[in-house]
Amino acid sequence: MPQQPQLLSASAYRLIGQRLGRPDTAAKSNGSIQYGIDVRVPGMRVAAVAIAPTVGGRVRKVDDRRARAIAGVADVVVLDDAVAVTAADFWTARKGVAALAIDWDLGPNASMSTDAISADMARVSRSGSALVAKDSGRQPRGMARRIEATYTVPMLAHATMEPMNAVAWVRKDACEIWTGTQVPARVQASAAKITGLAPAQVSVYNQYLGGGFGRRLEYDVTDQAVRIAMHVGYPVKLVWTREQDFALDYYRPPYHDRIEATLGDDGYPSSWLHRDTSDSVSERWAPATLGKDGLDLDCVDAAADTPYGFANQRVEWVRHHLPAGMRTGWWRGVGATHNLFVVESFIDELAHAAGRDPVEYRRVLLARNPKARALLDSVASRFGWGKPCAPRHGCGVAIGVSMATLVCAMVEVEVSGQGDVRIRRAVAAVDCGAVVNPNMIEAQIKGGLVFGWSAALHGEVTHREGRVEQHNFNDYRVLRMPEVPRIEGYAMPSSEAPTGIGEPPTAIAAPCLANAVFAATGVRVRELPLQRALLASGAGAFDQVTG
């Protein structure tokens, strides 16, 4: 090895920056690729489970006589929070589950509701003790023009295409697991703890993921498969139904944000105060990332570090504890998915209050951030910002930082006379440092926007009497193919170190969409999902909107 190896100059690159295809595209297209749900192991049986109808419910007693009488049923395994039936195939196992007579202990959350959680968050936001994430100056008092708003966003499911699944085979001296996971080391460590084996005795064979988005950062399904397999002498393939996938998710937490700004005589903010209230995922999943005072930096991501650099800015976080047993986790885009919606929607409110064009208003605020301003100008040029809109159409913009990446998006929407929102076109760009493969950048931009728009328009998980009210894609909607607009996505030229790309497009999706809806209707949506909030706004006849 040379003592001082020299990096290649950009002019000598043969692969970096080239549009290269993925080597797994053909296998994904023809069905030959193996996802976790496709795994077959000799001697394997399939497990289906019954779960408690309420969050935190437990098994009290089970009558399994009818289930065991079904031809093909191998075993019934009773756990503390579920009952599993194994069989040669999934359908037989499901029939066995349907035949079980289970007496459930509904637990402490039997009366829990989303309305009660939301009311408690609003109370805590007003009266709770706040941790300061940023304080760059004094907040003025007195008669200055003050703009205030409250924003709320709901729990969200990950809704991966592939339902949760895992194969586990537990023996006296070994445990083997086949699954698609984002955290194989955590899967191994947890299985070792459950079985009492050493981590070296646990083997994890990772498979392709049929969607992760943070859901497969959790390993509850592999834990459950291991617990079932410990009761039988063969490999067990556990598969959850779509309904169980929604009921047992680690949801993106809900948030309650109160934000205010004072405007100077020039119409621009002379102060900025943002109070964010939420539960903490980091405390459970990554406690080492918490500040010394317990501040969860993820909860203020993209709020404490906007690209605008306000002179007098204060950002606070108030911890709100969700009911015991409520499972929350990382969701694609993490903290920025809610904070960019709040911050960029409010910037739009300020621009409207000042009587300024939303893009020009941001350009002034970005005067000391040439990279962000160049990104905004580039997207505005490609989008054709400022051209007149057709009746019932409106255009929206948002810009921010997520995963150290600058991201900007502009969309055009059409709102029907009945208030239905359709996205017609979009341009989005990132400044993510040096680009290895432009194809991958474009794919992540398009996929991330569609994922984020689906949630912004329709996504919410609600609870009533301790039960999740969403069950499948009929009541937890995602965008269908005809609803996806033409999207142009690209990266700004850069020679700087690469930053994130998988999550920023999702984080910017909601605010540009909400701002476009305001431009089309004059209705400012401060609550997601946007489609429900718009229809409930009482805005009247949308056929009167002129764009």
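Visitor: Which way do the residues of S9 point, and are they buried or exposed?
Guide: Cys 175, Ile 177 and Thr 179 point one way from S9, Glu 176 and Trp 178 point the other way, and all are buried. Buried means under 20% relative accessible area, exposed over 50%, and partly exposed in between, with a 1.4 Å probe and protein chains only. Strands here are DSSP runs of E with at least two residues, helices are runs of H or I with at least four, and both are numbered from the N terminus.

Visitor: Is this predicted or experimental, and what should I know about the numbering?
Guide: This is a predicted model, where local features need pLDDT of at least 70 and side-chain atom pairs count only at pLDDT 80 or more, while totals for chains, interfaces and linings use all residues. Residues are numbered from 1 along each chain as its sequence is written, and side-chain values use heavy atoms, with hydrogens and water left out.

Visitor: Back to S9. Why is it largely enclosed?
Guide: Five of the five residues of S9 (residues 175–179) are buried, so the strand is largely enclosed by the rest of the structure.

Visitor: Which strands does S9 pair with?
Guide: S8 (residues 165–170) pairs with S9 in the antiparallel sense over four bridges, and S10 (residues 202–206) pairs with S9 in the parallel sense over five bridges. Two strands pair if DSSP finds at least two bridges between them. A hairpin links S8 to S9 through four residues.

Visitor: New topic: how many disulfides?
Guide: Zero, going by the rule of a pair of cysteine sulfur atoms within 2.5 Å. Cys 408 is in no disulfide, and the nearest cysteine sulfur, that of Cys 512, is 8.6 Å away.

Visitor: Are Cys 408 and Cys 299 buried or exposed?
Guide: Cys 408 is buried, with a relative accessible area of 0%. Cys 299 is buried as well, with 1%.

Visitor: And His 274, where is that?
Guide: His 274 is in strand S13 (residues 269–278), and at 0% relative accessibility it counts as buried.

Visitor: What does His 274 touch?
Guide: Leaving out residues up to four places away in sequence, its contacts include Asp 257, Arg 258, Arg 314, Glu 316 and Asn 339. Contact means heavy atoms within 4.5 Å.

Visitor: How much space is in the largest pocket, and what lines it?
Guide: About 1400 Å³. Its lining has 42 residues, with Met 161, Gly 211, Phe 213, Arg 332 and Phe 451 nearest the centre. A pocket is an open set of points on a 1 Å grid over the protein atoms alone, with protein on both sides within 12 Å along at least five of seven lines; a cavity is a set where a 1.4 Å probe fits but cannot get out, and lining residues have an atom within 4 Å of a point. Points are joined across faces, edges and corners, and a volume is the space filled by probe spheres set on them.

Visitor: Which helix gives the most to that pocket lining?
Guide: Helix H12 (residues 438–458), with eight residues.

Visitor: How many cavities are there?
Guide: Three of 30 Å³ or more. The largest cavity holds about 120 Å³, and H13 gives the largest share of its lining, five residues.
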